[in-house]
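Work through the exercises below with the coordinates open. Each task is followed by its solution in steps.

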Amino acid sequence: MSQLVNRLINANLAALKPYESARRLFSGGQDWLNANESPFTNPYEIDSDHFNRYPSCQPAAVINGYAAYAQVDSEQVLVTRGADEGIELLIRTFCQPGQDNILICPPTYGMYAISAETCNVGVKRVPLQADFRLDVPAICAEDDVKLVFICSPNNPTGTTVDQGDLLTIVKHFADTALVVVDEAYIEFAMDATWANALASHPNLVILRTLSKAFALAGLRCGFTLASPAIIQALLKVIAPYPVPEPVAQIAAQALTKENIERLRAQTAFLNSECERLKQELARRRGIELLGDTKANFILFRYAGSSELMQYLVSEGMLIRDQSKQYSLNQCLRVTAGNEAQNNRLLQLIDHFIAQTGVSA
Ligand SMILES: *Cc1c(COP(=O)(O)O)cnc(C)c1O
């Protein structure tokens, strides 16, 4: 960085690096099983008639469509530039820089801590237990937090939270903090949703996205579900035109009845591929499956994880290294792709193990 920038940049940002998203880490490759995207590409139409006008801040067709899909009221829905913007808005709206804290439970999704750090908000960490369950007493012992982020199904462990555990936490923080349940992968385990509990818990917030099961990561469209009071608070902070008109048009189409049916069929297919991949991987020498497969990815430990990772990347097969995450040394995460991609992954792993395999 230039001296000028070094002198002027906010002190809390000096040590940060730009986020190493899956797409930034690897731009080449042919099989992208590293970002939990859907392998499906679905057709949409664009009407450019009103592109000279600013878009609606909260397009009605998208809000009403998502409210119907999630079975909540329209007043309980905020549409944002991906769920990631929802995370940042919550932090900017409810946490005072240099003063307040969020709570996270690693290993988990990276953006909660990154958003907090960029806003100069503190991060309290209460690690998951060895079996990836929430450490409820330790979470409830943290009294100086404004937001509690809980990811379910959790990225990268694929586990869902115990309903009783979460209820205890939501009740414990009823008057002091918002409990944010990140349901980015909920379509893969629909029974686990907390959307129907919103009405009874005014401090509950749910994050959703079109990036995963809806196969629209390129769209950058996500949702925050919460009480109307929380949604109104977030509207004070959100940009005036957060949802570009083409995004609104495509999101509205994705939420029609027939496209929701298509989503369900694609999700069912990916669930079965994920299960097949999991069983196949479990049979491979030296591979230890971790967590669960409630989402569209599999987490596993392998003693030669960095060599395996390197080999797969050299073959254009991109997966995600999780070994820097809390308690996940030697762990890799692979997204369930289409049948051909999953088969190719298994073949490459077999080839690698046959050449250099570490014995179990
Ligand atoms: C992918 C992901 C997101 C980000 O979703 P966007 O809508 O693409 O911003 C949020 N939370 C978790 C847990 C994710 O894995």
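**Exercise 1.** Which residues make the nonpolar surface patch of about 270 Å²?

Step 1. The patch is made by Leu4, Val5 and Leu8. Patch members have over 30% relative accessible area and no salt bridge, with nonpolar side chains (Val, Leu, Ile, Met, Phe, Trp, Tyr) joined within 5 Å and like charges within 9 Å. A salt bridge is a side-chain nitrogen of Lys or Arg within 4 Å of a carboxyl oxygen of Asp or Glu. Areas come from the Shrake-Rupley method with a 1.4 Å probe; for residues, only the protein chains shown count as cover.

Step 2. Leu4 lies in helix H1 (residues 3-8); helices are DSSP runs of H or I, at least four residues, numbered from the N terminus.

Step 3. At 47% relative accessible area, Leu4 is partly exposed (between buried, under 20%, and exposed, over 50%).

The model is predicted: local features need pLDDT of at least 70, side-chain atom pairs pLDDT 80 or more, and totals for chains, interfaces and linings use all residues. Numbering starts from 1 along each chain as its sequence is written, and side-chain values use heavy atoms, without hydrogens and water.

**Exercise 2.** Which side chains make polar contacts (N or O pairs within 3.5 Å) with the ligand?

Step 1. Asp182 places a side-chain N or O atom 2.6 Å from a ligand nitrogen.

Step 2. For ligand oxygen atoms, the distance is 2.5 Å to a side-chain N or O atom of Thr209 and 2.6 Å to a polar side-chain atom of Ser211.

Step 3. The ligand alone exposes 380 Å², of which the protein buries 94%.

Notes:
Helix = DSSP H or I, 4+ residues; strand = E, 2+ residues; numbered from the N terminus. Buried < 20%, exposed > 50% of the residue type's maximum accessible area, 1.4 Å probe, protein only. Polar contact = N/O pair within 3.5 Å; in protein donor to acceptor, adjacent residues only side chain to side chain.
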